[in-house]
Amino acid sequence: MPRILLIDDDSSLLDALSIAFEDAGYEVLTAPDGARGLERVRAERPDAVVSDVNMPGLDGLSLCRSLREAGDTVPFVLLTSRDNEIDEAFGLSLGADDYVAKPFSTRVLLARVSALLRRETRRRSSEAERPVARGALELYPERLEVRYAKSAVVVTVTEFRMLEALASRAGIVLSRDRLLEIVRGDDSVVAERIIDTYVRRLRRKLEAVDSSFDRIETVIGAGYRWKDD
């Protein structure tokens, strides 16, 4: 039974989401704010976190940033009433794997969380680890780990899928729509420019290892591709 942590200062919404996730077969943990949520993540190691953005004290964005800075890659979904691309991109830039804008369909939220957990299950169920190597890049699907020029690069689930999609199709241009389809795993409608945010994050992380990194190439008007030597 997957364990989900729900964090929201709206007790009525928290109760409603708890019932929905329990009915869907999840073990549910709850927290009324980001600070308590952080404590529960560290103590009880949930399989995924769903957190509101706007909360007193430690908000959802700050919570996500704290976890990522500590190297924690637990799948993280933001609930936000800020339904515009700038705020979506900001949340993703902090390391969130997905977001759902309020008001939302509980069924959509359940589908998003389920998609993230399926990716984790596939990764953990592999019997033998076969690194995907592309030049200086090494991807370890079982451990969801990335190494570049022999240095570890901490990534989220979504970032890993993005990097894997590009590197495994070296030289092939992938449109933003195609990349969204690969990394999100559902048919939800979101701003395709969110892909640009994922790419910026990956470039920044890889450039921190190798300042000359230039393998993720922008193809103007078409999308992105992994450039081989």
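A cavity is a set of points, on a 1 Å grid over the protein atoms alone, where a 1.4 Å probe fits but cannot get out, and its lining residues have an atom within 4 Å of a point. This briefing concerns a predicted model, in which local features need pLDDT of at least 70, side-chain atom pairs count only at pLDDT 80 or more, and totals for chains, interfaces and linings use all residues. Residues are numbered from 1 along each chain as its sequence is written, and side-chain values use heavy atoms, with hydrogens and water left out.

**Second largest cavity**

- Two cavities of 30 Å³ or more are present in the structure, a volume being the space filled by probe spheres set on grid points joined across faces, edges and corners.
- Helix 5 (106–125) and helix 7 (176–184) each supply at least two lining residues, and helix 5 gives the most, with four; helices (H or I, at least four residues) and strands (E, at least two) are DSSP runs numbered from the N terminus.

- Four strands form an open antiparallel sheet in the order 6-7-8-9, where two strands pair if DSSP finds at least two bridges between them.
- Strand 6 (132–134) and strand 9 (151–153) are the edge strands, each pairing on one side only.
- Strand 7 (residues 137–140) and strand 8 (residues 145–148) are joined by four bridges.
- Leu139 stands opposite Val146 in strand 8.

Key. On a 1 Å grid over the protein atoms alone, a cavity is a set of points where a 1.4 Å probe fits but cannot get out, and a pocket is an open set with protein on both sides within 12 Å along at least five of seven lines; lining residues have an atom within 4 Å of a point.
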